Amino acid sequence: MQPLIDPHIHMVSRTTDDYRAMALAGIVAITEPAFWAGFDRSPAGFADYFRQLTEGEPARAAKFGIRHHTWICLNPKEAEDLGLAAEVLRLLPEFLDHPRALGVGEIGLNKNSRNELRVLEEHLAIAAARDELVLVHTPHLEDKLKGTRLIMDAVRNFPTLRPERVLIDHAEEHTVREILDRGHWAGLTVYPVTKCSPARAVDIAERHGPERLWINSAADWGDSDPLAVPKVAAELRRRGHTPATVRRLLYDNPAAFLGQSPKFALPDR
Ligand SMILES: [Zn+2]
């Protein structure tokens with residue numbers, strides 16, 4: 001079986017059965033961005049959450065032979081509360097220092113509000129000062145193009161953040177070209193309902209080529225699919241793509257972006 005990487009998945013809200021199914025489907029490594037819990041947390045909850053991301057979840061993944069890395073931030077959905085944001089931002093350096101933390105993420109915008117933009121800029125300043133990789137969430141549906149542009153403009157205000165070290169995730173047909181043209185990596189997210197289907201993701205990859213693209217499930221506590229990446233592999237094979245293409249898109253590419261952090265390692269094979 002071909003090895004696969006799902007570079008964006010929220011395992012704290014998935015079951016051990018999911019881990020087992022992912023391992024059986026060939027997933028050997030995952031990365032887990034910090035995210036909204038589905039409800040707004042108090043500042044006290046974040047240190048525990050970051051410990052779960054850096055310690056608890058890597059240990060759980062290892063039982064299934066899956067290598068787990070994480071990303072640390074305050075997600076944009078909780079960025080409206082500037083008092084909370086200031087408290088969480090103070091925690092960031094300690095957890096970014098952890099050997100399993102690859103960078104700052106998933107930051108970005110949700111409703112493209114003024115407070116969200118301010119907290120985004122504070123995260124980018126931390127990433128620039130520490131030379132961290134950055135993983136960016138883009139807003140849904142009608143706000144996506146505007147939000148994607150606002151985020152890329154904000155990134156450009158930090159010249160030491162090199163574009164190839166910033167991945168803009170949840171790209172779609174109408175945003176992927178602009179993201180790639182600005183020198184960033186683009187992420188495609190495969191979801192059962194919103195976002196891309198496996199067929200749409202493969203269409204986009206065929207149209208734009210595999211350069212600087214990664215594909216993920218972004219599976220979380222909602223309606224989502226931890227086997228989205230293996231389903232994209234199946235769709236690629238169904239269309240007659242070679243094993244080399246499957247490997248490039250679903251293994252080599254994420255490994256190349258993530259490997260810009262010296263902390264990233266794949267399991268011994
Ligand atoms: Zn996510």
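M11 counts as buried because it has 26 C-beta neighbours inside 10 Å; a residue is buried if 20 or more other C-beta atoms lie within 10 Å of its own, exposed if 12 or fewer, and partly exposed in between, with C-beta atoms placed from the backbone. This is a predicted model, in which local features need pLDDT of at least 70 and side-chain atom pairs count only at pLDDT 80 or more, while totals for chains, interfaces and linings use all residues. Residues are numbered from 1 along each chain as its sequence is written.

M11 is found in the loop between β1 (4-6) and α1 (16-24), where helices (H or I, at least four residues) and strands (E, at least two) are DSSP runs, numbered from the N terminus. When its neighbours within four places in sequence are left aside, M11 is in contact with I30, E32, E57 and A61, a contact being a pair of residues whose C-beta atoms, placed from the backbone, lie within 7 Å. M11 and P226 are 215 residues apart in sequence, yet their C-alpha atoms are 8.9 Å apart in space.

K63, in the loop between α2 (43-62) and β3 (67-72), is exposed, with 11 other C-beta atoms within 10 Å. From K63 to K195, 132 residues away along the chain, the C-alpha separation is 31 Å.

**Backbone geometry**

Most residues other than glycine have a negative phi, and most peptide bonds are trans. Against that background, a cis peptide bond joins G105 and E106, with omega about -10 degrees, and E106 belongs to strand β4 (residues 101-108).

| Residue | Phi |
|---|---|
| G209 | about 85 degrees |
| G240 | near 90 degrees |
| N112 | about 60 degrees |
| R212 | about 60 degrees |

N112, which is not a glycine, sits in the loop between β4 and α4 and is partly exposed, with 18 other C-beta atoms within 10 Å. R212, which is not a glycine either, is placed in the loop between α7 and β8; with 20 C-beta neighbours inside 10 Å, R212 counts as buried.

Which residues of helix α7 (residues 198-208) are buried? They are P198, A201, V202 and A205. These residues cover an arc of only 95 degrees around the axis, which puts them on the same side of α7; the arc is that of the directions from the helix axis to the C-beta atoms. In general, an α-helix has 3.6 residues a turn, so residues three or four places apart point the same way. The packing partners of the buried residues of α7 are β7 (185-189), β8 (213-216), α8 (228-238) and α9 (243-258).

In α8, the buried residues are A228, V229, P230, V232, A233, E235 and L236. They pack against β1, β2 (27-32), α7, β8 and α9.

**Helix pairs**

The axes of α8 and α9 are 10 Å apart, and the two helices pack at an angle of about 155 degrees. That makes α8 roughly antiparallel to α9. Here axes are lines fitted to C-alpha atoms, for helices over the stretch in contact, and angles run from 0 to 180 degrees between N-to-C directions; those under 35 degrees count as roughly parallel, over 145 as roughly antiparallel, 65 to 115 as roughly perpendicular and the rest as oblique. V229, V232, A233, L236 and R237 of α8 make the contact with T245, V246 and L250 of α9. By class, the residues of this contact divide into six nonpolar, one polar and one charged, where Ala, Val, Leu, Ile, Met, Phe, Trp, Tyr, Cys and Pro count as nonpolar, Asp, Glu, Lys and Arg as charged, and the others, Gly among them, as polar.

Helix α3 (residues 82-96) and helix α4 (residues 114-130) have axes that come within 11 Å and cross at roughly 20 degrees. The two helices are therefore roughly parallel to each other. Their contact involves L82, A85, L89, L92 and L96 of α3 together with N115, V119, E122, I126 and R130 of α4, and the contact of α3 with α4 has seven nonpolar, one polar and two charged residues.

Terms used: Contact = placed C-beta atoms within 7 Å.
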